[in-house]
Amino acid sequence: MTRLKEKDINQIAETLVVYNNDLVRMTGCTLKEIAAQASGKKIDYLDRQNPLVAVVPMTCGQGIIEGFSESVASIITYLGFRTVITNNSDAGGVAEAVQEGAEILFMADDHRFVAINLKTGKVSDNGDATGKGYVTGLKHMCQGLEGKHVLLLGAGPVGNSAALTLVRYGALVTVFDIDLSASQRLRGVIEELGYSVQVETDLESALARHQIFVDACPAENVIELRYISKNTKIAAPGIPLGVQGLGVEQLLTDRLLHDPLQIGVATMLGEVL
Ligand code: PYL
C-alpha cells in the first residue's frame with residue numbers, strides 16, 4: 001500500500017464542494033450517493049443516521065501523516081455527520097472517543113485503515129471500500145458495465161475488491177499485475193464466488209485492447225497517451241495516479257475518476273452505518 005504524503009491530501013478539506021460537483025458531472029452521482037450504492041445502503045437510510053464519528057490519529061509505524069486525520073474528518077463532516085478528531089492518539093485516542101460517546105471510529109496504521117462501528121461490530125477496510133466505491137463510480141461513468149470489457153491493473157486489496165464488484169456488475173474483466181501469482185490468486189478468489197476473470201501477462205497488448213480501465217496499482221505512467229482514445233474511461237484509485245504526464249489528465253478531464261481518500265472514506269462510512 002502506498003503511504004499518502006501530506007501534499008496528496010492537503011487540499012481535500014477546502015475543495016470538497018468542487019470535488020463533489022466534478023463527481024456529479026462525471027458520474028451523475030454525489031459522493032454520498034456513490035457511497036450509499038457501493039455499500040448497499042439507501043441514501044435516506046444514511047440520512048437518518050446520526051452517530052458521532054471519531055477519527056483517532058495513530059503514531060505507530062511511520063507515524064502521523066500531517067493532515068490525514070483532518071482530511072478524513074472533513075470528508076465525514078461534508079457527508080453530514082458529527083465528527084471529532086481525538087486530542088489523544090492511539091489507545092488514549094480510542095479511550096477518549098469511547099468516553100465522548102463516539103459510535104464509529106476511523107483509524108489507520110501503516111498496514112490498515114479501518115472504520116469500526118462500536119455498537120454493531122461492523123468493520124470496513126479502506127482497500128475493500130475503495131474498490132467498491134470506484135467501480136460504482138465507473139459504472140455510472142460508463143452508463144453500466146454489463147457485458148463491457150474492463151482492464152484491471154493491480155491485484156492487491158483494492159484490485160481484488162474492484163474485481164469482485166466489476167463481475168457483480170456484469171463486466172468482462174481482464175486483470176494484469178506485475179506479479180503473475182497475484183493475478184492468479186485473484187482469479188481463484190473470483191472463481192470460488194462463481195465468476196471468472198481473464199489473466200493477462202502482456203500489459204501493452206491488454207492496454208491496446210481496452211478502453212475502460214481500473215488503475216489499482218501504485219505505478220506511475222502505466223497508461224500512456226497512445227492508449228487513450230475518445231472513448232477511454234478510467235477509475236484510478238491507485239496512488240500515485242497512473243496516467244500522469246503527456247497532458248493525459250487534461251485529455252481525460254471528464255473521464256478520469258481519481259482522488260486520494262474521498263471515495264474510499266465515504267464508502268467505509270456507508271459500510272459501517
Ligand atoms: C489510507 C491510505 C490510502 C493509501 N495509502 C494509505 C496510507 O497512506 N496509509 C497510512 C496512513 C497512516 C496514517 C497515520 C495517521 O496520521 O494516523 N497513522
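Helices (H or I, at least four residues) and strands (E, at least two) are DSSP runs, numbered from the N terminus. By that count, Ser74 sits in helix 5, which spans residues 68-78. This is a predicted model: local features need pLDDT of at least 70, side-chain atom pairs count only at pLDDT 80 or more, and totals for chains, interfaces and linings use all residues. Residues are numbered from 1 along each chain as its sequence is written, and side-chain values use heavy atoms, with hydrogens and water left out.

**Ser74**

Is Ser74 buried or exposed? Ser74 counts as buried because its relative accessibility is 15%. Buried means under 20% relative accessible area, exposed means over 50%, and partly exposed lies in between (1.4 Å probe, protein chains only). Ser74 is in contact (heavy atoms within 4.5 Å) with Ile12, Ala13 and Leu16, leaving aside its neighbours within four places in sequence.

**The ligand**

The ligand is surrounded by 14 residues. The closest are Thr2, Leu4, Met58, Ile65 and Ala108. The shell divides into nine nonpolar, three polar and two charged residues. Here Ala, Val, Leu, Ile, Met, Phe, Trp, Tyr, Cys and Pro count as nonpolar, Asp, Glu, Lys and Arg as charged, and the others, Gly among them, as polar.

| Residue, backbone atom | Ligand atom | Distance |
|---|---|---|
| Thr2, polar atom | nitrogen | 2.5 Å |
| Ile65, N or O | oxygen | 2.9 Å |
| Ala108, N or O | nitrogen | 2.8 Å |

On its own, the ligand has 470 Å² of accessible area, and the protein covers 95% of it. Such areas come from the Shrake-Rupley method with a 1.4 Å probe.

**Positive phi angles**

Most residues other than glycine have a negative phi. Asp90 is not a glycine, yet its phi is positive, about 55°. Asp90 lies in helix 6, residues 90-99. Gln143 also has a positive phi, near 50°. Where is Gln143? Gln143 is in the loop between helix 7 (126-141) and strand 6 (149-153). Gln143 counts as exposed, at 67% relative accessibility.

**Salt bridges**

Side chains of opposite charge can pair when their charged atoms come close. A salt bridge is a side-chain nitrogen of Lys or Arg within 4 Å of a carboxyl oxygen of Asp or Glu. The count comes to 13 salt bridges.

Arg25 and Asp22 form one of them, at 2.9 Å from N to O. These two are three residues apart in helix 2 (residues 16-27), so about one helical turn separates them. Arg25 is partly exposed at 48% relative accessibility. Asp22 is partly exposed too, at 28%.

Arg25 also forms a salt bridge with Asp254, with the closest N and O atoms 2.7 Å apart. Asp254 lies in the loop between helix 11 (248-251) and strand 11 (256-257), and Arg25 in helix 2, so the pair ties together parts that are 229 residues apart in sequence. Asp254 is partly exposed, at 34%. Together, Asp22, Arg25 and Asp254 are linked in a network of salt bridges.

Another salt bridge joins Glu103 and Lys119, with the closest N and O atoms 3.9 Å apart. Glu103 lies in the loop between helix 6 and strand 3 (104-108), and Lys119 in the loop between strand 4 (113-117) and strand 5 (123-125), so this pair ties together parts 16 residues apart in sequence. Glu103 is partly exposed at 25% relative accessibility, while Lys119 is exposed at 64%.

Methods. Near = heavy atom within 4 Å. Polar contact = N/O pair within 3.5 Å; in protein donor to acceptor, adjacent residues only side chain to side chain.
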